[in-house]
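Let us walk through this model together, going from the overall layout to single residues. Keep the sequence and the 3D view side by side as you read.

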Amino acid sequence: MTDFVLIEDQGSGTPLIQDLRNERTVHPIAITPHGDKAMRMFATTATLESGAVRVPSAAAWLDDFKVEILQFPRGRHDDQVDSVSQYLNWAKDHSVNDAPIMLIPRRNQAEWDFVFQASRMGGTP
């Protein structure tokens, strides 16, 4: 179960935040994004280069995720990239003891590997 979810506090996100707070099923955290999607993502480059971001080595969504990340900012889709960048920017101020940043809940450390390579940012897979 998710402990919290980051939601942009603008447009349709604002009433969603209120609904989730009222339902008490998940803890919504209202965030206000700064800059455009490219600026937010490129602000996370050092975090990605450092190997602090981990994703599972196998998942049904992983291939699409890699394509989107590696084609950014020239790819057709960028919603996952934007979500990742907003989470990483938020996590900079909310991390615990320099622990690796997990993009989904961790189950078994052996299942995780690093998929981000800074030299590939903006390239194609």
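Along the sequence, the protein chain follows the pattern β-α-β-α-α-β-α-α-β-β. That gives 5 helices and 5 strands, where helices (H or I, at least four residues) and strands (E, at least two) are DSSP runs numbered from the N terminus. Please keep in mind that this is a predicted model, in which local features need pLDDT of at least 70 and side-chain atom pairs count only at pLDDT 80 or more, while totals for chains, interfaces and linings use all residues. Residues are numbered from 1 along each chain as its sequence is written, and side-chain values use heavy atoms, with hydrogens and water left out.

Two totals describe the chain as a whole. Of its 125 residues, 31% are buried; buried means under 20% relative accessible area, exposed over 50%, and partly exposed in between, using a 1.4 Å probe and protein chains only. Among contacts with a separation of 6 or more, 62% link residues 24 or more positions apart, a contact being heavy atoms within 4.5 Å.

Strand E1 (residues 4-8) runs parallel to strand E2 (residues 27-31), and 5 bridges join them; two strands pair if DSSP finds at least two bridges between them. Phe4 stands opposite His27 in E2, and Ile7 stands opposite Ala30 in E2. Between E1 and E2 the chain passes through helix H1 (residues 13-23), making a right-handed β-α-β crossover. Right-handed here means that, with the strands pointing away from the viewer, the path from the first strand over the helix to the second runs clockwise. In the loop between H1 and E2 you will find Arg24, whose phi is near 60 degrees, a positive value in a residue other than glycine. Arg24 is exposed, with a relative accessible area of 74%.

Next, how do helices H4 and H5 pack, and at what angle? Helix H4 (residues 62-71) and helix H5 (residues 79-92) meet at about 80 degrees, with their axes 8 Å apart. Axes are lines fitted to C-alpha atoms, for helices over the stretch in contact, and angles run from 0 to 180 degrees between N-to-C directions. H4 and H5 are therefore roughly perpendicular to each other, the term for angles of 65 to 115 degrees. Asp64, Phe65, Glu68 and Ile69 of H4 make the contact with Asp79, Gln80, Val81 and Val84 of H5. The buried residues of H4 are Leu62, Phe65, Glu68, Ile69 and Leu70, and their cover includes helix H2 (37-42), strand E3 (53-56) and H5. In the loop between H4 and H5 sits Pro73; the peptide bond from Phe72 to Pro73 is cis, with omega near 10 degrees.

Gln86 lies in helix H5 and is buried, with a relative accessible area of 10%. Leaving aside neighbours within four places in sequence, Gln86 is in contact with Leu6, Glu8, Ile31, Pro33 and Arg40. Lys37, in helix H2, is partly exposed, with a relative accessible area of 27%. Not counting residues up to four places away in sequence, Lys37 touches Phe72, Asp78, Asp79 and Asp82. Although Lys37 and Gln86 are 49 residues apart along the chain, their C-alpha atoms are separated by 8.9 Å.

Methods
Parallel < 35°, antiparallel > 145°, perpendicular 65-115°, else oblique.
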